[in-house]
Amino acid sequence: LRAGAGHGPWGARWRGGARGGDGGLETTVYWVVCVLSYPRLMHVVASLRPVDTAALIGRHDAAFRACGGRPQECVYDQTRRVVIAETFRELDLSARCHRYATTVGLRIRACEGYDPESKGKVEAGVKYVKGDGLYGATFPDFPALQAHLADWLAETANVRIHAVTGQSPRARYAREERAAMGAYLTPPGMTDGAQAPVQTRK
């Protein structure tokens, strides 16, 4: 069982602000997109602050709680918040990510350079969020954006017929993968600790 995670900034526009071409106030929102590889089930969390290592771990915690379990491994696009360096296929992980992954039983893997098989599903999910879930949208405030994302995931992204699998992500997950997910509990004090790198094999 595999999941992937991607993150980045997006320019959100609030209605009724003092700036922006249409009278709205534009600001940057930072989001994390998590995708379960096989069923393509998605979880998206937005924030007004840049995503640091502690925030990225918190987004994973939210995603695993939302789907009721954790996968065996998570694949990342060489983000420095997780993978500090790579030497001869060995990964230097941030101590915080290594401790979290070890505690919950999650294996961490980095994408192989420009390998489309490793990166494609998460990149497709990120593009889908930006192109379908957020494109052209304006919101009165940040809570409205959060509510919009929650509704979009529940009513569109995770129930539509996926173009590749030909199935609804939520239905496919419930039928074929939910029972195989590992048990998950939020680790106590998971945001504590030093940031020294820890080496592991890819």
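A nonpolar core is a set of buried Ala, Val, Leu, Ile, Met, Phe, Trp, Tyr and Cys residues joined through side-chain atoms within 4.5 Å. All views below show a predicted model.

View 1. The largest core has 18 residues. V33, M42, V44, V129, L145 and W152 have the most contacts inside it. Strands β2 and β3 (42-47) and helices α3 and α4 each give two or more residues to this core. Its largest share, six residues, comes from α4.

**View 2. Strand β4, covered on both faces.** The strand spans residues 73-76. E73 and V75 lie on one side, C74 and Y76 on the other. All four are buried. In a regular strand, side chains alternate between the two faces of the sheet. β4 pairs with strand β7 (residues 107-110) in the parallel sense, over four bridges. Opposite Y76 stands A110 of β7.

**View 3. The aromatic pairs.** Two such pairs are found in the whole structure. In one, the ring centres of F64 and Y184 are 5.3 Å apart and the planes meet at 75°, so the pair is edge-to-face. F64 lies in helix α1 (residues 53-67), whereas Y184 lies in the loop between α5 (169-176) and β9 (197-201); the pair therefore ties together parts 120 residues apart in sequence. Both F64 and Y184 are buried. Y128 and W152 form a tilted pair, with 5.1 Å from centre to centre and 45° between the planes. Y128 comes from helix α3 (residues 116-134) and W152 from helix α4 (residues 142-157). These two residues are 24 apart, and their pair links distant parts of the chain. W152 has a relative accessible area of 6%; the cut-off for buried is under 20%, so W152 counts as buried.

**View 4. Helix α5 and its buried side.** P169, R172 and Y173 are the buried residues of α5. They cover an arc of only 100° around the axis, so they sit on the same side of the helix. An α-helix has 3.6 residues a turn, so residues three or four places apart point the same way. A174 and R175 are exposed on the other side of α5. The cover over the buried residues of α5 includes β2 (25-36), α1 and α4. The charged end of R172 sits over the ring of Y38, 3.8 Å from the ring centre.

**View 5. H43 and its contacts.** H43 is found in strand β3. Its relative accessible area is 19%, and buried means under 20%, so H43 counts as buried. Neighbours within four places in sequence are left aside here. Beyond them, H43 is in contact with V32, V33, C34, R59, A62, A63, A66 and L153. V33 is also one of the residues with the most contacts inside the largest core.

**View 6. R40, a non-glycine residue with positive phi.** R40 is found in the loop between β2 and β3. Its phi is about 70°. R40 is buried, with a relative accessible area of 14%.

Key. Residues numbered from 1 in each chain as written. Predicted model: local features only at pLDDT ≥ 70, side-chain atom pairs only at ≥ 80, totals over all residues. Heavy atoms only, no water. Buried < 20%, exposed > 50% of the residue type's maximum accessible area, 1.4 Å probe, protein only. Pairing = 2+ DSSP bridges. Phe/Tyr/Trp six-rings, centres within 6.5 Å; stacked < 30°, edge-to-face > 60°. Lys NZ or Arg CZ within 6 Å of the ring centre and 35° of its normal. Arc of directions from axis to C-beta. Contact = heavy atoms within 4.5 Å.
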